[in-house]
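Q: Hi! Could you walk me through this one?
A: Happy to, have a look first.
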Amino acid sequence: MFFSRKPKGPTKKYIAYKSKMAKYRNVMTAFKNQGDRRLVTYFFEQTGKEVRQLCEALELTISEPGSSSGADITLINAYDLGKHPLLDSSEIVCIEVHPLSRVNALVEEAFQHKAGGQITYYIGMDEPLFEVFGAERMLRLMEQMGMEENEPITHPMISKSLERGMEKLQKTLANPQDIRTSPEEWRTANMPS
């Protein structure tokens, strides 16, 4: 059929906080208070370690993908999503955003079949990868508006700005190094000052 519609996959949104610590504090506290099982993805090993430490401190239980335990969080590296049968979660939480849109697409592709699902990307505006997206300017604007550190920003302008910045960066970097240890190491190797 000529005009058949493409199946609708999950929607995505970006939620920004003034700092990485505010992001972690709010997201993990929400997990603790809501009690729903969440699928949490990350791109860098350092982030995975930080999430595990926060879960331990907040007494949240973590399961590995494919486990049938009643853990609070299923934690998986976004690069490994294609290796596991997909989980029954209707909301996927990306605790960080990779600076390249094609890498973030790994998450979106893995959950393409999830009609009505939600992929939420969380950002700390002080994270090193977001200097290239004008985070300093956005932070100043947030402060001028009197925003509190724990106040989330979900404006479509932020989402569009991030997506345009990721596309621009992807076009600028001819052969980015695939560094997965930490955002700082990725930035140092791929975006030298």
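A: One term to begin with: contact, or touching, means heavy atoms within 4.5 Å.
Q: Got it. Which residues does W186 touch, leaving out those up to four places away in sequence?
A: W186 touches F44, H98, P99, L100, L129, L169, L173, P176, Q177, I179 and M191.
Q: Where do these positions and atoms come from?
A: This is a predicted model, where local features need pLDDT of at least 70, side-chain atom pairs count only at pLDDT 80 or more, and totals for chains, interfaces and linings use all residues. Residues are numbered from 1 along each chain as its sequence is written, and side-chain values use heavy atoms, with hydrogens and water left out.
Q: How many residues of the chain are buried?
A: Of its 193 residues, 48% count as buried, meaning under 20% relative accessible area with a 1.4 Å probe, protein chains only.
Q: New topic: what secondary structure is there?
A: The chain has 6 helices and 6 strands; these are DSSP runs, helices (H or I) of at least four residues and strands (E) of at least two, numbered from the N terminus.
Q: And in what order do the strands sit in the sheet?
A: The open sheet runs β1-β6-β5-β2-β4-β3, with parallel pairing; two strands pair if DSSP finds at least two bridges between them. The edge strands are β1 and β3 (62–63), each pairing on one side only.
Q: How many bridges join β5 to β6?
A: There are 4, and C94 has Y121 in β6 as its bridge partner.

Key. Buried means under 20% relative accessible area, exposed over 50%, partly exposed in between (1.4 Å probe, protein chains only).
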